[in-house]
Amino acid sequence: MSVLSDRSLRRLGRWSFSGLALAIFAFLILPLVCVIWVAFFANKIVSFPPEGYTIDWFKNALAVASFRDGFLLSLRVSALASLSALALGIPAALLIGRRQFPGRSAIMGLLMSPLVVPGIVGGAAIYMFFIEWEVATEIQMAATLPGLMIAHTVIAVPWTMRVMVASLVSLDPALEEASMNLGANRWVTLFKVVLPVARPAIVAAALLSFVISFIDLELSLFLVGPGRTTLPIAIVSYLQWTLDPTICAVATIQIVLIGSMLLIADRFVSISKAF
Amino acid sequence: MGAASSSSLASGAAVGASRTRSAAGRRVGAEYLMPAPGMLLVALFLLLPLALMLRFSFDHFSPGELLTGAFTFENYQKFFSDGFYQRVLGTTVFVSLVTTALCLVMALPLSYYISRLDHPRLKSTLIILVVLPLLMGNAVRTAGWMVMLGDRGVVNSIFVALGFSARTILYTPTAVIIGLTSVLLPFMVITLQSVMEGIDRRIEEAALNLGAGPLTTFMKVVIPLAMPGIVAGTVLCLILSMNAYATPVLIGGPKFHMMAPTIYDQVTQGANWPFGSALAFVLMTVTVILTIASSLVIARMSNR
């Protein structure tokens with residue numbers, strides 16, 4: 001009898017522990033679920049429960065110029081930054097992931113340093129640097145597409161490196177040796193052996209860099225200009241005045257876009273390993 | 001000069017060596033240049049601007065002029081003599097400490113739960129669902145908490161439905177802490193979960209077999225073994241909450257001040273670069289001190 005009650009006590013403990021874990025999990029997920037829910041509300045003033053449902057807010061969201069332009073600018077900046085980060089990160093990862101040499105961790109440290117510089121601090125520093133640059137050379141950088149792209153490439157490089165180095169470190173050196181022994185030179189080995197093996201990591205790194213650039217808020221705040229804002233900044237400036245289903249529809253579009261890219265990336269390389 | 005002459009010597013030697021060897025040597029040398037473009041980008045567009053900002057923080061501010069070239073401590077003196085900015089820093093430190101503590105308390109059970117799931121598919125689904133919000137962006141996630149905490153938001157609707165009166169939650173420090181905790185929780189969960197995944201389950205079983213209850217096992221066995229993850233997660237959450245922008249601006253409202261939005265206003269709206277730069281370095285210094293102090297406190301608590 002006492003054994004039974006002891007066991008049921010254990011079971012009760014385990015169930016309440018699972019309940020606690022899932023409640024904390026809900027705390028994490030619920031805000032996003034609510035944003036998506038409100039995006040379909042029929043009433044313009046957000047109140048619960050809704051009077052009905054509609055998809056009109058999505059049409060409305062695309063009609064607002066700052067959202068449409070912001071979305072297009074964000075897409076362009078993120079695509080360019082992601083490609084640039086790959087172009088700079090893959091060669092670096094090929095060396096760091098496959099060779100041991102003195103100074104290796106210093107190089108890695110430098111390339112990872114954008115991760116430890118807070119966005120606001122880095123953004124302020126880059127902004128002042130760009131203005132000084134403009135004063136010195138008369139080439140405008142702040143509030144331009146190249147300026148945004150360069151800054152976003154800086155923050156995307158560490159993520160590209162993380163994914164690429166993790167993949168290349170686990171590459172068996174015997175594969176390369178076999179290829180070289182069979183008469184392939186370094187370039188053939190690189191393009192026919194190493195890069196094909198690393199392809200999933202390249203796809204994942206490209207998608208993750210895109211996402212990191214797309215969602216950036218703090219750094220971009222300093223680098224956007226009038227009529228040239230990224231989507232997250234357009235969202236924040238709108239939210240400072242109004243909270244309505246339109247903004248929730250915009251947020252939902254971003255959630256769907258980012259979510260699908262991350263799920264695709266996760267098919268190639270487990271994205272939780274990038275943290 | 002010395003470096004230039006030695007490299008010309010080396011290339012002279014390479015010319016003298018056999019053809020294949022010199023080609024191989026050049027290729028090996030070229031290989032070490034592969035990280036150079038990336039390093040150049042980071043150095044030129046992040047480290048150089050930061051160095052420049054450090055210099056600006058010692059410059060004298062005169063309106064209408066970008067830089068005067070003076071060298072003065074007046075910006076740091078202004079920070080330490082003006083009560084407003086000290087209160088802003090105090091609020092930032094307070095919010096960050098509470099947020100980080102809440103993240104730790106909430107992440108411990110959740111990450112332990114995920115790390116001990118026997119169902120691989122459920123486990124990877126939960127991990128993805130923890131990581132996804134993290135990468136949705138602070139703007140969107142903060143919008144979520146505005147929907148939750150607004151005057152007619154989800155929480156107030158539940159209050160009213162339960163017969164309580166609606167209350168103002170948005171634009172209070174409490175709301176900022178709630179929102180920030182939710183924004184930063186995934187970082188702590190991912191960090192802790194990966195460490196807990198590595199803890200041998202047989203150690204817990206041994207503790208249970210020796211008569212320790214589940215709670216005792218968790219407190220005396222799991223938490224001490226998860227210490228590296230607890231320290232890493234705490235440091236990460238402290239850094240991110242000290243520098244938070246979107247949450248204090250949107251959920252805190254116009255009267256609530258934290259450091260990151262204040263720096264933004266100084267640099268762009270006020271165009272006071274020297275003072276804005278000084279604020280940024282005060283923030284970074286305090287953040288570093290806070291992370292070191294919290295690591296020491298956690299280490300001492302775990303040694304006891």
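Mentor: Axes are lines fitted to C-alpha atoms, for helices over the stretch in contact, and angles run from 0 to 180 degrees between N-to-C directions. The model is predicted.

Trainee: Why are α10(B) and α11(B) called oblique to each other?
Mentor: The axes of helix α10 (residues 201-209) of chain B and helix α11 (residues 214-225) of chain B cross at roughly 140 degrees and come within 10 Å. Roughly antiparallel needs an angle over 145, and roughly perpendicular covers 65 to 115, so what is left is oblique. The pair α10(B) and α11(B) is therefore oblique. The crossing of α10(B) past α11(B) is right-handed.

Trainee: Which residues make that contact?
Mentor: On α10(B) they are Ile203(B), Glu204(B), Ala207(B) and Leu208(B), and on α11(B) Thr217(B), Val221(B) and Val222(B). By class, the α10(B)-α11(B) contact has five nonpolar, one polar and one charged residues.

Trainee: What is the secondary structure of chain A?
Mentor: Chain A has twelve helices and zero strands.

Trainee: Why is chain A called more spread out than a compact globule?
Mentor: For 275 residues the globule rule gives 19 Å, and the radius of gyration of chain A is 24 Å, well over that, so chain A is more spread out than a compact globule. The C-alpha trace of chain A spans about 80 × 70 × 30 Å along its principal axes.

Key:
Residues are numbered from 1 along each chain as its sequence is written. Chains are lettered from A and ligands numbered from 1 in the order in which they are written. This is a predicted model: local features need pLDDT of at least 70, side-chain atom pairs count only at pLDDT 80 or more; totals for chains, interfaces and linings use all residues. Helices (H or I, at least four residues) and strands (E, at least two) are DSSP runs, numbered from the N terminus. The radius of gyration is taken over C-alpha atoms; the globule rule is 2.2 Å times the number of residues to the power 0.38. Angles under 35 degrees count as roughly parallel, over 145 as roughly antiparallel, 65 to 115 as roughly perpendicular and the rest as oblique. A crossing is left-handed if the near helix is turned anticlockwise from the far one by less than a right angle, and right-handed if clockwise. Two residues are in contact if their C-beta atoms, placed from the backbone, lie within 7 Å. Ala, Val, Leu, Ile, Met, Phe, Trp, Tyr, Cys and Pro count as nonpolar, Asp, Glu, Lys and Arg as charged, and the others, Gly among them, as polar.
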